[in-house]
Every structure is written in structure tokens, then in C-alpha cells.
Number of protein chains: 4
Amino acid sequence: MSDFTPEVQEAIDRVRADVARLHAELVRYNLVVWTGGNISGRVPGADLFVIKPSGVGYDDLTPENQILCDLDGNVIPGTPGSDRSPSSDTAAHAYVYRNMPDVGGVVHTHSTYATAWAARGEAVPCVITGQADEFGGEIPVGPFAIIGDDSIGRGIVATLTGHRSRAVLMQNHGVFTIGKDAKDAVKAAVMAEDSARTVHISRQLGEPIPIPPESIDRLFDRYQNVYGQTPQGALGASGTDEGDRQ
Amino acid sequence: MSDFTPEVQEAIDRVRADVARLHAELVRYNLVVWTGGNISGRVPGADLFVIKPSGVGYDDLTPENQILCDLDGNVIPGTPGSDRSPSSDTAAHAYVYRNMPDVGGVVHTHSTYATAWAARGEAVPCVITGQADEFGGEIPVGPFAIIGDDSIGRGIVATLTGHRSRAVLMQNHGVFTIGKDAKDAVKAAVMAEDSARTVHISRQLGEPIPIPPESIDRLFDRYQNVYGQTPQGALGASGTDEGDRQ
Amino acid sequence: MSDFTPEVQEAIDRVRADVARLHAELVRYNLVVWTGGNISGRVPGADLFVIKPSGVGYDDLTPENQILCDLDGNVIPGTPGSDRSPSSDTAAHAYVYRNMPDVGGVVHTHSTYATAWAARGEAVPCVITGQADEFGGEIPVGPFAIIGDDSIGRGIVATLTGHRSRAVLMQNHGVFTIGKDAKDAVKAAVMAEDSARTVHISRQLGEPIPIPPESIDRLFDRYQNVYGQTPQGALGASGTDEGDRQ
Amino acid sequence: MSDFTPEVQEAIDRVRADVARLHAELVRYNLVVWTGGNISGRVPGADLFVIKPSGVGYDDLTPENQILCDLDGNVIPGTPGSDRSPSSDTAAHAYVYRNMPDVGGVVHTHSTYATAWAARGEAVPCVITGQADEFGGEIPVGPFAIIGDDSIGRGIVATLTGHRSRAVLMQNHGVFTIGKDAKDAVKAAVMAEDSARTVHISRQLGEPIPIPPESIDRLFDRYQNVYGQTPQGALGASGTDEGDRQ
């Protein structure tokens, strides 16, 4: 089952390289400890995605040991890395790809501040312009859901569908982010933790000043449009990778 | 007294290399400052363990300067490193190995957040799924005990025997973790600090939502069984090294 | 339009190298994530400044991809880097250069603690001598202003003109700093975050002791004069780069 | 004036190398930003000490650019580095060396947590065993004193003379530590910040449990004696560099 057209094979190779390399950003920004976070990327033009292998340390990731799955989360036999198990969060990633066709990348971490908000089941309010730019408002909370079936994936999709935010805080658990591709989802994971941390620290000594909703709208719209993106829900902001984030 | 069978000698060499190398993980995850933390590993098939030398900086650790001890904590004369003193916590490590036969590794640190809970004598409540996976509930507190006799070792063993947690917060002191081997105990030290930090930060702005006990049970059981381990108290979870931590 | 006198060309090249290199200090001191912060430097002897390109990661900055602008923020065509867009904050930098002729460098970040104070619209009070040395009193708050016109630049200039502080917290946004050159503005960004963090943490457990105004004056005056600078508002302190900061 | 006996010259060279190299530990443990911290070491057998040059970045320190001073803080002309100014804190270091003959090293930083306690004028209470080992009780607060005369030095000496602690929090300013040599003073700076941070974080969520005074005494005495040191006030603990810190 591993004979793909040259175009698809090339796309697979590119996504393998991206997914393997991008995990270093999770380490760089202190979003993960040990092996506790994972990235996946959809293969453009095919019903496939590439995801981190389970239990492999971040220093040991290569394009070849990433794992190729179909959209039900089954490992494609006979492909590089297929002798290992994919991330234990694979079912959640697969559910997102099946149900959000515009999503090209998914990231999951237990980054400290995002998870701290998630443990209280509290959304991060939008009181800094960087969050308005990036997420267009609050970072919402998804349901408590236990690993092992589709409940995490369902919770992510239910919360983010039609929402401007590309990040969801899963109650008592951690954060999932989506993007137009794996890099964009990683950017969302970095910015979600940055917002969660800054707003947390601000609130420790008093109440932050709210940003008026119309200003949030202007910031979000501008952030997408300046960089030539079609603003269309969460993934409209994905091109902001070309911007300076504010 | 340093002539061992080839099998034992090989095991000693392997544990020396592991223990020396694993200290770099304590540095990487900011669990230690100066020389304030130590790792030991039991030698499989012998009544011996290997431990960090006292007062040597983490940059200067090698397999050869780790110290080989018997289960009473006596340095084995004539072996590499035996000209130095072992860690001043050796008695506590030895007590654990004598009294918990399934333990193959012990780690001690004063990591900031774990020690902060320990200074209040307060267990870390289980409000994040990562802690449920890893420790199966709260991270408990052991007694106030002063270095110099067996009281620290006794406190560790009394607290962890029959407990799911592989980590114990010693009151006013720091944290000890156990594992099936040194690497597993290091993982427990990393995850204990991560839980202690995340739950601390969550509680700074309100009360985290409890996880129902039956969900904690399901998470803990799954985390062990998915990776083919026999769930049997604290060390049943040790195989989770193969997992993605959630 | 890119034929400059040799003297101006040499100055441009020097500022390009400085601006490219100095961004590494923002990374080193954890003032930025992803691409969310930028530095510019005025070209001495010309109505020009050099600024970071938009959306380029800090690992990829070189003297050649920095962007040369006139004081209205227009990219000088035909110069290295002119095929890319300058930082989306360019209008604010340009406004400062047009209206504060002594300013030779501008830095913008969303550093965590400075932004946390900014989100509450609260100035950092002067309760540590390092802040008295460096900023001569509190770090003030500027207005809420939305990117897209001159309002951010106007807010910076209105707040810092005649003020001892070289740093301003823009409400709900982040921090801008100025200096006699790019390096001096970077120093101000580093010291502003350091003060914001230390004073925040101090206030978490009680009220810091105020420093008497006359002591603040003495500290600020000495800090400038010891190093042979003319104390003249915010930029008088710029020579403190030669000092040990206290 | 730069012809010393070979023994003294050798001692000078050794201290120059130590002082230059040890500044990297201040960076490693995040005790300093920019150029805001300094180390000095007494030259054994001579009325001289070596100190950091003013305003030089930590990446640029070499044995040759450290500055040799007499015990009044005057630069010894004609010696390497004597073309630059010594640290602006030189007068305080010199005062300590003149008045505390057993002190062989002095360190000054504005490390975040120590300075946060100093800004409230509050001693760090002894609620963790690591602090009992290292400082034998609380870390005391010295007076508010302004740079420029002997008042900082007097405050350090008045607070630490006869005190077990090798660290003093100078009100609204930062921390000074002393040791038998420069390395020992650096260790004290690292451990003081570690205690200040851990106790701060512990107190954020409640009141830490006090350690009984007799237990503090036993911990402090043991920490010194185990390593064959004569316990004699603050500097008795200096040999603990050989220990594992607990």
C-alpha cells in the first residue's frame, strides 16, 4: 500500500521533514517536557497525515521515523517508521483532519500556563493586542474528555468550528492548536502559551483592562488582511506567519 | 572485592554510563542548581547500586567517577571513583533499595515547585490528566526528616509503599522519585516538577476543577496497560517511557 | 535612489550589521517569541533608518535582509532587502525618528512582565535602585492605540518627551524603548523587562518600600554623570552602557 | 608598582582566571542581565583583589581584562586591564575585604527573587533544609544605602559580621554574598537566589511550615563538619562546595 504517485510521495517527504523539524520549536519555547507533546501535518492532495512516533525523545526525531497514517489514524504499513506506534494522541489528530478539511496541521502540548487555565476550565480573556491579532478574541475551553475514543477529537472540533481561535484549552488536560499547515499550528501553540502566560501574570496583581470588541475585530481583520489572507474563521489568520505578530 | 562475574561487571558498566549521562536531564529541565541533586541506579543481578559522587559539578560527571556501593551504602573499595565520597544522600538511596526490591532507580532534587509544596507540607492534588497518567492521583508528602540517619529513607519507603505515585515530597526538603531503573526515576522527577508547577500556577488564580476518581483510575490504568506493563503500584507505570505521556 | 555618499553608505552598513545582530539579544533575554519584536536604528547623518524585515525568524536575520527606510517609513527601493516588507511596526518607529531627533534606536517587544503591567494600564513604580539608575523613576504607561496609523507613534512620543524613562508601556499592547542608538534601546528593553519582573514578583507578597524621590534623583544623576554623559531627559542615560548598571 | 614576587604574581594570575571564568556561572543560573552583576576575588598573600571591569559584557571577559585593585579600591596602574574602570561597585567590595579578613570572594547581583525580597525589606525565612544547610537560618536584610561612598560596604559588613548567612539582601537594591574565595561566594549567590525563589513560590499559596531552630542548627553544623570545615560564622560553611548541598 506504499506506492504513491510521485507528487504524493514528494508531499509526504516534505511533511515528514517539516513535522520532524518543527518539534524543535516546542522545545525551544518550553512548551514540552520529556516526550509530552506532538505535532502532525496533513499530506496535501492525499487522505494522509504524518505524526510523531510515540515515546521517542525530541532529540531523536528524523523525517524517517515520523509515522504516516490515514485519516482514521491507522498506520500505513510498509512505510518508514511503521514499525513503531504513532503518538497516543493520534485518534484526536485524525478526528480533526476528518472533520475540518481546511486544517493542515495539529499540535498538542501541556504547556504550563495554557494547562493552568485549562485546569480551572477558564478561557483566556482577550486583554492584549497580540492575542486579538492572533486569535481574534478569547482562547476557549473545550470539554473534559478522556483519551481512548473520539471524545477529545470531538471536543476540539466542536469548540473550534466557526471560532476565530486556532487554540482550544481542553479542560484539565492541555492545549490543542490547528493551522493551515504544521508550522502554522506550531505558531498557534507558541502564541497561545504566550498569551496564557502574559494574561495570567497580568491578573495576578489586579484586573486587566478589557479591549473593546470593535477594536479586537479591527486588529484581527487587519492582521489577516494585511498579509493577503482570506479571513474565514480560525484558519484565515494562518498567513500571519509573514507578519511581525502584532 | 572488585572482581565481579563478567555479567555483573557488564551491568555495572551500563549503570555507570546511564547514571552519569542522566544527570544532564536534571540540568536540562532545570531541576537542580550547583550540585544539588543526585541520581542512582541499581545494578541488576547484584546487591549493588551506582550513585553520583559528592560535590562534583554536572559538567564533570563520567561513568568512571560514579561510585559503586553495596545496599548499606558502603563504597566498594578498589572500584573506579572509590577514592571520593558518594552523594551525601547515599544512605537514603540505599534504604530504598534495601526495602523496595522492585525499585531500580532513585532520584533526589530540590526542584523549585515540588519543594515549594513540600515546604507547606501539602500534597499536589490531581487536577491535570498528565498527573493522573503518571502518578495515578496526588503526589504525597513524606515526613520532616533530617539527613544523617535512616529517617529520610524510612520516610520515602513508608510514603511510597503501596502508593501509585513514584514521587514523594519530603516536608521542608525536596522531592525523591523512584522507578524501575534510573531513567524511569528521572522521568518521574521531571513529571513531578511539571505537575507541581502547573497545578501551582493554576491555583494562583482560583480553584482547579477536580478530576473524578474514576476518571483518574481509567487514565492511570490505560497509561500503564497500553504500553504492556503490569499495573502493580508505583512501578507498574514505569513502562510509560514508551508513551507520549498522556 | 540608492547612491549614497561613501560616508552615508558606510553608516548604513554599520547600522544594518548592528540591527541584524542585536535581535539576538532579544532572544537571549527571552523578550520575544516567534517573530514578535523588532529593532531599528537611525543612520547617523542621513534621514534614514534600518529596521527588521516582517515575518523573518530571528535565526535568519542578516545585515543584507534588514530594510532601509526614509523617515516616513517608506522602503528605499533598490537597496538590499527592499523586496520584502519592513516590520509591521515601521510606522511607529518612523514617527519616533521624525519627532525625537536625539533618538538613534527604537525597540518594540511584547516581553511578558512589561506587557502584563501594560494590560492593567499600570506604571511600574520605582522601588529598586536599578530602575532608578536606568529610568530615573517609574516606567510610564502610554495610551491604547491601534496599529495602522500614527497613533502608536504619537502615544510613544507624547509619553516619553521630557520624561526620564526610555521605556513606555503601551496599554494592552507591549513595550517600546528608545536610545541614543539601537544598542542603547535594546539595553533599555532588557532593563525594562527586568524591572517589570522584579517589581511584579516583589508585589506578589506585599508592598515594596518606596525609594525617596531625592534618592531616585541622586541615583539617576550619578548613573549618568559618572560615565561622562550630559543628563538631558531620557537619552542622557544612554552612556550607561559603560557602567555596571547599578 | 606592578612588580610582584613570583608567588604573588602567580596568585594574581590564578585569581584573574577564576574571576573571569566564574562570571559565566552568573549567566548560567540567570542571576544577571546585561552587565548588571560582578565578582571579585582576594589575592591570597597580598593586599589586593581582582574585580570585573565596568560595562564589559559577560561574553567578553578574559583573565587579562579583569582589574587589579588595592584594598582601598584603587586600580594598580600598569597592570593588565588598568586602562579601564573597575566595576562601579568596587568601593563596596573593597570595604568588605578591608573589614572582613576571612573573606576571599565577593559577589553582587540583582537576581530577581532575592531583589524582590530586598524591595520589601523582608528577610527570607528558613523553611527549607537547603537554606538551613547553606545559610544556617534566614537570609538577612541590610540597610538602604546609596552607591557613591562606603555606605553599601558598611551595610554589608554590619549585617554579615557574626551572622551565619553568607548572603545579605540590600534593601531596594540587590544581593551581596561573601565566601572563602570567589567560587564560594558565587555558590552563595546561586543558593541565595534558589532559596529566595523557592520560599517565595511556597508562600504564594499559603504559609510554609517553620523548621525548628534546633533542627536548623543540626543541619548547619552537619553541613559544615561533614566536610571537615571549622564552623566559624558565615565562612565556616565555605567548604560545603565539596558537598551535595543538602
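The following legends describe close-up views of a predicted model.

**View 1. The annotated domain of chain A.** An unreviewed UniProt entry carries the annotation "domain: Class II aldolase/adducin N-terminal" for residues 17–200 of chain A. Over residues 17–200, chain A is 36% helix and 17% strand, and the end C-alpha atoms lie 35 Å apart.

**View 2. A patch of negative charge on the surface of chain A.** The patch brings together Glu7(A), Glu10(A), Asp13(A) and Glu64(A). Glu64(A) is located in the loop between β2 (48–51) and β3 (67–70) of chain A. Glu64(A) counts as exposed because its relative accessibility is 51%, and exposed means over 50%.

**View 3. A salt bridge between Asp72(B) and Arg98(B).** The closest N and O atoms of this pair are 3.7 Å apart. Asp72(B) belongs to the loop between β3 (67–70) and α2 (90–99) of chain B and Arg98(B) to helix α2, so the bridge ties together parts that are 26 residues apart in sequence. Asp72(B) is exposed, at 54% relative accessible area, whereas Arg98(B) is partly exposed, at 35%.

**View 4. A salt bridge between Arg28(C) and Asp59(D).** The closest N and O atoms are 2.8 Å apart. Because Arg28(C) lies in helix α1 (residues 6–28) of chain C and Asp59(D) in the loop between β2 (48–51) and β3 (67–70) of chain D, the pair joins two chains. Arg28(C) is partly exposed, with a relative accessible area of 40%; Asp59(D) is exposed, with 57%.

**View 5. A buried salt bridge between Arg166(D) and Asp184(D).** The N to O distance is 3.3 Å. Arg166(D) has 0% relative accessibility, and Asp184(D) has a relative accessible area of 2%.

How values were computed. Residues are numbered from 1 along each chain as its sequence is written. Chains are lettered from A and ligands numbered from 1 in the order in which they are written. This is a predicted model: local features need pLDDT of at least 70, side-chain atom pairs count only at pLDDT 80 or more; totals for chains, interfaces and linings use all residues. Side-chain values use heavy atoms; hydrogens and water are left out. Patches are made of residues with over 30% relative accessible area and no salt bridge: like charges are joined within 9 Å, nonpolar side chains (Val, Leu, Ile, Met, Phe, Trp, Tyr) within 5 Å. Accessible areas come from the Shrake-Rupley method with a 1.4 Å probe; for residues, only the protein chains shown count as cover. A salt bridge is a side-chain nitrogen of Lys or Arg within 4 Å of a carboxyl oxygen of Asp or Glu. Lys and Arg count as positive and Asp and Glu as negative; His and the chain ends are not counted. The place of a charge is taken as NZ of Lys, CZ of Arg, CG of Asp or CD of Glu. Helices (H or I, at least four residues) and strands (E, at least two) are DSSP runs, numbered from the N terminus. Buried means under 20% relative accessible area, exposed over 50%, partly exposed in between (1.4 Å probe, protein chains only). UniProt positions are given in the numbering used here, feature names are shortened, and annotations may be inferred rather than shown by experiment.
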